[in-house]
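Reader: I am new to this structure and would like to understand the terms used for it. Please take me through how each description is reached.

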Amino acid sequence: MKITDARVIVCSPGRNFVTLKLETDEGLHGVGDATLNGRELAVAAYLQEHVVPLLIGRDARRIEDTWQYLLKGSYWGPGPVTTSAIAAVDMALWDLKGKALGAPVHELLGGRSRDRVLVYGHANGRDVAETVAAAERYRDLGYRAIRLQSGVPGLEQAYGVGRGELYYEPAEPGLPPEHGWSTEAYLDLVPKLFNAARNTLGWDVHLLHDAHHRLTPTEAGWLGHRLEDYRPFWLEDPIGDLLQDGFVHLRRQTRVPVAVGEIFNSVYQLHRLVTEQLVDYLRTTVLRTGGITPLMKIAHLADPYQVRLGSHGATDLSPVTMAAALQVDVAVHNFGIQEYMRHSDQTDEVFPHDYRFHGGYLHPGDSPGLGVDIDEDLAAKFPYERAYLPVSRLADGTVTWW
Ligand code: EZ4
Ligand code: CO
């Protein structure tokens with residue numbers, strides 16, 4: 001099976017997505033997601049200018065070889081642009097492999113370890129009361145796990161507080177908006193949020209929270225300690241996740257379960273966190289880390305250390321990534337939870353997919369390959385629109401993590 005054509009499709013059905021579509025001499029096609037929020041065109045150019053010429057004429061059956069060829073062959077090693085591009089190729093090759101063999105990809109990864117995939121949704125609001133009310137709506141929709149993010153008193157905007165019910169989209173068209181940030185106001189708020197949520201929702205639902213890299217290990221230890229008694233499922237990105245030493249410090253101060261790694265793009269950024277059991281869940285996705293091929297290796301490394309997958313699944317990862325992630329989630333033994341932010345109806349129309357939400361779980365479906373496609377004609381009606389993630393500043397004007 002030879003690759004005969006490779007198209008890079010950039011579209012914006014509500015937000016920007018970069019998609020790779022491979023065609024073969026056997027008449028089959030495969031799709032992969034290469035979206036890097038706020039830096040989309042860098043990956044599109046990397047694919048178009050530097051990867052597509054290497055794909056035409058290649059044997060589409062050789063997934064591992066192609067992955068190694070693209071990573072080692074680039075010489076410069078992994079980085080967010082490179083691995084997002086390679087991930088799209090890898091996903092498309094797994095899609096093709098499944099279609100060629102008439103099997104859903106999870107059958108090729110060892111078959112199902114579970115019947116369905118536990119997901120968490122995003123409840124948010126301008127204050128504690130609104131956030132808890134949103135969480136109640138998620139619970140009524142059947143969610144068994146809910147992430148809580150609330151507006152912070154004194155700050156006009158806060159990470160995780162979105163536009164619209166059941167939909168959160170942080171990127172803004174145009175140049176980056178600037179948000180204010182106060183660690184003190186935030187640390188005062190979050191324990192109150194968890195207290196109110198447990199009082200209203202009870203204990204029969206998992207609660208999660210994302211600190212989005214903004215705390216020092218000492219601050220995160222203080223927060224984690226205060227959240228312990230509310231039995232959070234996890235505290236995500238309590239500190240900058242690139243500094244592995246920080247997690248040693250954090251572990252000494254709190255027993256709160258820790259999730260990290262949505263920005264990781266290789267096993268080298270997480271191996272110590274896993275082998276020293278410094279974290280509990282890996283957010284590393286099929287897209288950011290370079291595809292299904294490397295994510296399976298990461299999952300297998302983590303399994304004996306009792307570290308589980310808790311994959312990133314924000315709206316900036318297209319339905320192609322969600323479909324691919326679910327193939328891994330249902331197959332690997334050490335799966336924990338999958339983030340699930342619903343895409344807009346427009347996005348779902350451009351990317352028809354098999355997976356379905358029901359009763360708090362996602363069900364990946366059983367069609368051959370990944371179970372997702374792109375409607376290229378419809379995609380062409382939604383051209384790219386420049387958009388950036390926000391930038392944050394402290395009260396004195398210092399830039400900080402958003
Ligand atoms: O901010 O994917 O846990 N989820 C997250 C996301 C990220 C976005 C950035 O593009 O942290 O909402
Ligand atoms: Co996050």
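Reader: How many cavities of 30 Å³ or more are counted here, and what makes a space a cavity?

Author: In this predicted model the count comes to 2 cavities of 30 Å³ or more. A space is called a cavity because a 1.4 Å probe fits there but cannot get out. About 60 Å³ of space lies in the largest cavity, and about 40 Å³ lies in the second largest cavity.

Reader: Which elements give two or more residues to the lining of the largest cavity?

Author: Those elements are β5 (145-150) and α6, and α6 gives the most, with 4 residues. The lining includes Q149 and S150, together with Y186, L189, V190 and L193.

Reader: How is the lining of the largest cavity divided into nonpolar, polar and charged residues?

Author: The lining divides into 8 nonpolar, 3 polar and 1 charged. Arg counts as charged, so R214, which is part of this lining, belongs to the charged class.

Reader: And what lines the second largest cavity?

Author: Among the residues that line the second largest cavity are H312, G313, A314, T321, M322 and A325. Helix α11 (residues 319-331) gives the most to this lining, with 3 residues.

Reader: Why is D188 called partly exposed?

Author: D188 has a relative accessibility of 48%, and partly exposed covers what lies between the buried limit of under 20% and the exposed limit of over 50%, so D188 counts as partly exposed. The place of D188 is in helix α6 (residues 183-201). Between D188 and L223 there are 9.1 Å in space, C-alpha to C-alpha, although the two are 35 residues apart in sequence.

Reader: Which residues of the helix that holds L223 are buried, and what covers them?

Author: In helix α7 (residues 217-227), the buried residues are P217, A220, G221, L223, G224 and L227. What covers the buried residues of α7 includes α6, β9 (234-236) and α8 (245-253).

Reader: How do you know whether T289 is buried or exposed?

Author: The relative accessible area of T289 is 2%, and buried means under 20%, so T289 is buried. T289 is found in the loop between β11 (281-282) and α10 (292-302).

Reader: What does T289 touch, if residues up to four places away in sequence are not counted?

Author: With those left out, T289 touches T83, F264, N265, S266, T284, P294, L295 and I298. These are called contacts because heavy atoms lie within 4.5 Å.

Technical notes:
Residues are numbered from 1 along each chain as its sequence is written. Chains are lettered from A and ligands numbered from 1 in the order in which they are written. This is a predicted model: local features need pLDDT of at least 70, side-chain atom pairs count only at pLDDT 80 or more; totals for chains, interfaces and linings use all residues. Side-chain values use heavy atoms; hydrogens and water are left out. Buried means under 20% relative accessible area, exposed over 50%, partly exposed in between (1.4 Å probe, protein chains only). On a 1 Å grid over the protein atoms alone, a cavity is a set of points where a 1.4 Å probe fits but cannot get out, and a pocket is an open set with protein on both sides within 12 Å along at least five of seven lines; lining residues have an atom within 4 Å of a point. Grid points are joined across faces, edges and corners, and a volume is the space filled by probe spheres set on the points.
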